[in-house]
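Q: I have a structure open and some questions about it. Can we go through them one by one?

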Amino acid sequence: MNLTFYKYQGTGNDFVIIDNRESLISKNNTKLFARLCDRKFGIGADGLMLLELPENNEDDFKMVYFNSDGNESSMCGNGGRCLVAFSAFLGVVKDMATFTAIDGKHKAEIKDGLVYLQMQNVSKIEKYASHLFLDTGSPHHVAMVNNLVDYDVTNIGRKIRNSAPYFEIGSNVNFVEKQGEDIFAVRTYERGVENETLSCGTGVTAVALAMHTAKMTNKQEINITTPGGELKVTFKQTKNGYEEIFLIGPAEQVFKGEIVC
């Protein structure tokens with residue numbers, strides 16, 4: 001079978017996207033997804049997404065996301081932004097979208113060339129001496145470091161990801177350096193990819209909320225610098241935690257192709 005695919009990237013976080021509204025491929029074909037994401041033997045990507053028909057009348061589509069290891073994963077923020085851009089490219093939506101992902105319902109808007117993706121509310125952030133931990137659709141360990149540009153993200157991130165209290169389930173690991181009152185640089189080790197990625201949407205969302213919780217900033221509009229580009233996170237702090245959280249940034253189609261499956 002010749003499978004049509006699209007390649008998208010959001011600040012260097014890259015994805016294979018397949019229009020699966022006609023159920024062309026099975027969601028159980030994890031070996032295929034891993035091969036498609038392989039940078040040597042496939043297309044190459046941090047993850048793969050299927051755009052599927054919605055399961056209720058409120059939604060425009062359904063998002064199904066797989067890590068590059070082929071396993072279905074938790075929410076991917078940059079992936080969600082790319083899928084919104086893809087749905088607009090297909091004509092499924094115009095500039096507003098509502099969809100359901102593994103962590104629940106999301107709303108999004110395309111405005112001035114950027115995708116504004118509303119993330120889930122966050123009511124709990126755990127604070128420790130060395131780091132903070134929270135779930136923004138995916139679990140995230142957030143730690144402040146010095147000299148981020150030379151930091152050994154891959155090896156230290158892998159060690160944290162596999163050690164207590166995360167073990168087999170694992171956590172994404174974010175290393176952060178403050179650059180200004182509302183500006184933070186971030187590098188992320190992603191589970192499932194099992195390496196550093198150029199950007200992580202749920203990761204920068206977690207960093208923005210963690211830095212506000214840790215009183216490293218009092219701003220509720222945070223600019224994040226990743227190795228792959230610039231993102232912005234806005235939110236409102238309430239008595240219940242953080243609400244109206246938006247991940248904002250570019251999402252671009254890189255190319256379209258066919259691959260033999």
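Q: Is Glu-244 buried, exposed or partly exposed?
A: Glu-244 is partly exposed, because its relative accessible area is 40%. Buried means under 20% relative accessible area, exposed means over 50%, and partly exposed is in between (1.4 Å probe, protein chains only).

Q: Before we go on, what kind of model is this?
A: This is a predicted model, in which local features need pLDDT of at least 70, side-chain atom pairs count only at pLDDT 80 or more, and totals for chains, interfaces and linings use all residues. Residues are numbered from 1 along each chain as its sequence is written, and side-chain values use heavy atoms, with hydrogens and water left out.

Q: Ok, back to Glu-244. Which side chain does it meet in a salt bridge?
A: That of Lys-236, at 3.6 Å from N to O. A salt bridge is a side-chain nitrogen of Lys or Arg within 4 Å of a carboxyl oxygen of Asp or Glu. Lys-236 is partly exposed, with a relative accessible area of 45%.

Q: Why would two side chains pair like that?
A: Side chains of opposite charge can pair when their charged atoms come close.

Q: How many salt bridges are there in the whole structure?
A: A search finds 14. One of them is between Arg-39 and Asp-46, where the closest N and O atoms are 3.1 Å apart. Asp-46 counts as buried, because its relative accessibility is 7%.

Q: Which distant parts of the chain does the pair of Glu-58 and Lys-105 link?
A: The side chains of Glu-58 and Lys-105 meet in a salt bridge of 3.5 Å, N to O. This pair links the loop between β3 and β4, where Glu-58 sits, to strand β6 (residues 104–111), which holds Lys-105, and the two are 47 residues apart. Strands (E, at least two residues) and helices (H or I, at least four) are DSSP runs, numbered from the N terminus. Glu-58 is exposed at 59%, while Lys-105 is partly exposed at 34%.

Q: Let's switch to Thr-234. Where is its place?
A: Thr-234 is in strand β15, which covers residues 229–238. With a relative accessibility of 18%, Thr-234 counts as buried.

Q: And what is Thr-234 in contact with?
A: Leaving aside neighbours within four places in sequence, Thr-234 is in contact with Gln-220, Glu-221, Glu-244, Ile-245, Phe-246 and Ile-248. Contact means heavy atoms within 4.5 Å.

Q: New topic: helix α1. Which of its residues are buried?
A: In α1 (residues 30–37), the buried residues are Leu-32, Phe-33, Leu-36 and Cys-37. They are on the same side of α1, because they cover an arc of only 130° around the axis. The arc is that of the directions from the helix axis to the C-beta atoms.

Q: What do those buried residues pack against?
A: They pack against β1, β2, β3 (47–52), β4 (61–67) and β17 (252–260).

Q: What about the backbone? Which peptide bond is cis?
A: The bond from Ala-164 to Pro-165 is cis, with omega near 5°. Pro-165 is in the loop between α3 (153–162) and β11 (172–180). Phe-167 lies in the loop between α3 and β11, and has a positive phi of about 50° although it is not a glycine.

Q: Last one. Is Thr-11 buried or exposed?
A: Thr-11 is buried, with a relative accessible area of 3%. Thr-11 lies in the loop between β1 (2–10) and β2 (13–19).
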